Structures are given as C-alpha cells and as structure tokens.
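Here is a friendly walk through one protein model, meant for someone seeing it for the first time. Have a look at the structure, then read on.

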Amino acid sequence: MGRAIRPVALIVDDDTEQHELIGALLEETGLQVIEVASSEEAVNTLRTRAREIVLIVAAMHLPSFMNGARLAIYAQQWPWIRLVLISDDQQSMDQLPRPAVVMQKPWLPLNVLIHAEKAIAVANHL
C-alpha cells in the first residue's frame, strides 16, 4: 500500500511574524506548511504541488505582481483548495471569487483552525 500524502497549507505573506504564527497554528492540525513571501512564489508552488495543497492563507495586500484576490482567482483552477485571505479593510471582499473567505485583522487563532479543519475534511473525501 502507498504512503498517504500529508495535506499542505500554503501561507503567502511578506509579514514574517504573521506567517510564522499562522504556520505554527496550522502545523498543530497536522497540515504540512509551506511559507512564501510573494504571489510569484505561491504560483510556482501551486504549479508543482497543487495536488497536495488543501488550504491557502494569503495576505490581501502583497508586494508582488498579484494581490491576494488575484491569487484567489488564479487558484480557482484547483477547486479543492480552500482560500482564506487576510485583510485590514472591508472593501477588499468585493474583489473575491467565491468560495474564498476573508479574515479581518486582527484575526482570531480559532478561525484559522476552523478553516484548516474544513480544508482537511474536504481533502479526506477526495
């Protein structure tokens, strides 16, 4: 019997403190965590590892060629990936594709864990 692939969470944020905290929370759920600082790195990771990724947590405002909303649109080609965007303003929600969700800053650790558990549950049914 083959080895099961451990589901992956991709964190996209140039704020080191924030992505380390989110990464620590997600590792507690059993997800393997990949942390990147730009949308370019996220796109490259998706191109090579999308089959393993079940959750993307990304900052809405990224210092790269695409912001979090555009990254969410790009990631729609993998419908099993749950998308959570972190934002510090309300107006960014209008730009999002469904079913992406926004967590407003300051976000609660429990909300991160809830989204992780939902992503894991979907992955277990694939």
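The chain has an average pLDDT of 89, and 92% of the residues score at least 70; pLDDT is the predictor's confidence in each residue, from 0 to 100. Confidence is highest in strand β1 (residues 8–12), at 97, and lowest in β5, at a mean of 90. Helices (H or I, at least four residues) and strands (E, at least two) are DSSP runs, numbered from the N terminus.

This is a predicted model, in which local features need pLDDT of at least 70, side-chain atom pairs count only at pLDDT 80 or more, and totals for chains, interfaces and linings use all residues. Residues are numbered from 1 along each chain as its sequence is written, and side-chain values use heavy atoms, with hydrogens and water left out.

**Inside the fold**

Which residues are buried? Ile 11, in strand β1, is buried because its relative accessible area is 0%, and buried means under 20%, exposed over 50%, and partly exposed in between (1.4 Å probe, protein chains only). His 115 belongs to helix α4 and is also buried, with a relative accessible area of 13%. Trp 78 sits in the loop between α3 (68–75) and β4 (82–87); with a relative accessible area of 14%, Trp 78 is buried.

Each of these residues can be paired with a partner elsewhere in the sequence. The table lists such pairs, together with one for Asn 44, a residue of helix α2 (residues 39–49) that counts as partly exposed at 46% relative accessibility.

| Pair | Separation in sequence | C-alpha to C-alpha distance |
|---|---|---|
| Ile 11 and Ala 58 | 47 residues | 5.7 Å |
| His 115 and Val 84 | 31 residues | 7.7 Å |
| Trp 78 and Leu 46 | 32 residues | 9.2 Å |
| Asn 44 and Ile 120 | 76 residues | 22 Å |

**On the surface**

Asp 14, Asp 15, Glu 17, Glu 20, Glu 27, Glu 28 and Glu 35 form a negative surface patch. Patches are made of residues with over 30% relative accessible area and no salt bridge, joining like charges within 9 Å and nonpolar side chains (Val, Leu, Ile, Met, Phe, Trp, Tyr) within 5 Å. Lys and Arg count as positive and Asp and Glu as negative, while His and the chain ends are not counted. Which element gives the most to the negative patch? Helix α1 (residues 16–27) does, with three residues. Glu 17 lies in this helix and counts as exposed because its relative accessibility is 65%.

A nonpolar patch is also present on the surface: Leu 108, Leu 110 and Ile 114 together have about 290 Å² of accessible area, by the Shrake-Rupley method with a 1.4 Å probe, where for residues only the protein chains shown count as cover. Leu 108 is in the loop between β5 (101–104) and α4 (109–124), and at 51% relative accessibility Leu 108 counts as exposed.

**A charged pair**

Side chains of opposite charge can pair when their charged atoms come close. How many salt bridges does the structure hold? There is one, a salt bridge being a side-chain nitrogen of Lys or Arg within 4 Å of a carboxyl oxygen of Asp or Glu. Arg 49 and Glu 52 form a salt bridge, with their closest N and O atoms 2.8 Å apart. Arg 49 counts as partly exposed, at 24% relative accessibility.

Note on methods
Charge placed at Lys NZ, Arg CZ, Asp CG, Glu CD.
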